[in-house]
Amino acid sequence: MTTIPEAAATLSWRDTVRVDDEVLDAVLSRLDETYGPRVFESRGRPVDVLIETVLSQNTSDVNSHRAFESLLARFGTLEAVAAAPVAEIEDAIRFAGLSRIKSVRIREMLERLIRENGSLELSFLAGMKLDEARAYLMSLRGVGLKTANCVLIFSLGLPALPVDTHVYRVSRRLGLIGARVSVEAAHGDLEARVRPEDRYRFHLHLIEHGRRVCHARKPACRVCILNALCPSACAA
Ligand code: SF4
């Protein structure tokens with residue numbers, strides 16, 4: 001396989017964009033080798049992923065999953081949650097933190113989805129253009145870019161790219177996005193950079209790499225399999 005320094009040395013200035021693509025391909029290839037292939041598997045109905053993702057805001061996956069299970073154990077279905085008193089929803093999701101505001105928003109979005117669509121069946125999103133599906137979800141109060149993209153990619157397998165703290169940090173260190181770009185802007189920048197068919201594995205690999213190696217405080221650059229490709233690599 002051609003290494004990046006070799007490839008860069010043979011390219012003219014006109015090939016700058018190709019160098020970027022080659023770096024990204026090399027990054028993905030090394031992450032594939034390290035963490036294994038990522039085959040899409042739906043995490044559930046769009047509405048289930050939506051509510052679990054809202055619950056995950058500002059808390060751990062463990063806590064949000066526990067809160068989602070508690071919600072279903074208490075009410076049986078999300079349709080029943082849509083008609084439940086907010087105080088009871090708040091009590092059921094207390095593991096997730098920010099339960100007051102999350103309970104109000106969850107009830108509000110479930111009510112609206114049923115009112116507009118007649119049910120909580122949101123598979124129609126798969127037939128929309130990506131930007132339209134994203135805009136529909138983001139019109140729900142409490143749903144931002146990351147949450148909307150999580151629903152689209154993890155439920156429906158659409159090529160949306162959620163940018164969480166790990167994806168953001170590792171992408172910046174690798175130089176895939178600018179050092180000063182905001183998290184919001186990083187969503188668009190990375191979708192412009194990463195091919196649709198690569199976005200699922202890119203997202204999952206960067207989260208895993210951020211958790212295991214490219215830590216926020218002390219990235220383990222010395223043992224990182226990306227250090228030869230990374231402009232931020234340090235000797236630590
Ligand atoms: S070389 Fe260091 S900064 Fe770059 S991706 Fe690896 S751990 Fe992160």
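In this predicted model, Ile51, Glu52, Leu55 and Ser56 of helix 3 meet Asp61, Ser64, His65, Ala67 and Phe68 of helix 4, where contact requires C-beta atoms, placed from the backbone, within 7 Å. Helices are DSSP runs (H or I, at least four residues), numbered from the N terminus. Local features need pLDDT of at least 70 and side-chain atom pairs count only at pLDDT 80 or more, while totals for chains, interfaces and linings use all residues. Residue numbers start from 1 along each chain as its sequence is written.

**Helix 3 and helix 4**
- The axes of helix 3 (residues 46-56) and helix 4 (residues 61-75) come within 8 Å and cross at roughly 130°; axes are lines fitted to C-alpha atoms over the stretch in contact, with angles from 0 to 180 degrees between N-to-C directions.
- Helix 3 is therefore oblique to helix 4 (under 35 degrees is roughly parallel, over 145 roughly antiparallel, 65 to 115 roughly perpendicular, the rest oblique).

**Domain arrangement**
- The domain assignment, automatic or from a database, gives domain 1 (4-39 + 162-223) and domain 2 (46-154) in the protein chain.
- Between the C-alpha centres of domain 1 and domain 2 the separation is 29 Å.
- Seven residues from domain 1 and five residues from domain 2 form the contact.
- On the side of domain 1 that touches domain 2, helix 11 (183-193) and helix 12 (199-212) are the elements giving two or more residues.
- The residues on that side of domain 1 comprise three nonpolar, one polar and three charged.

Notes:
Contact = placed C-beta atoms within 7 Å. Nonpolar A, V, L, I, M, F, W, Y, C, P; charged D, E, K, R; others polar.
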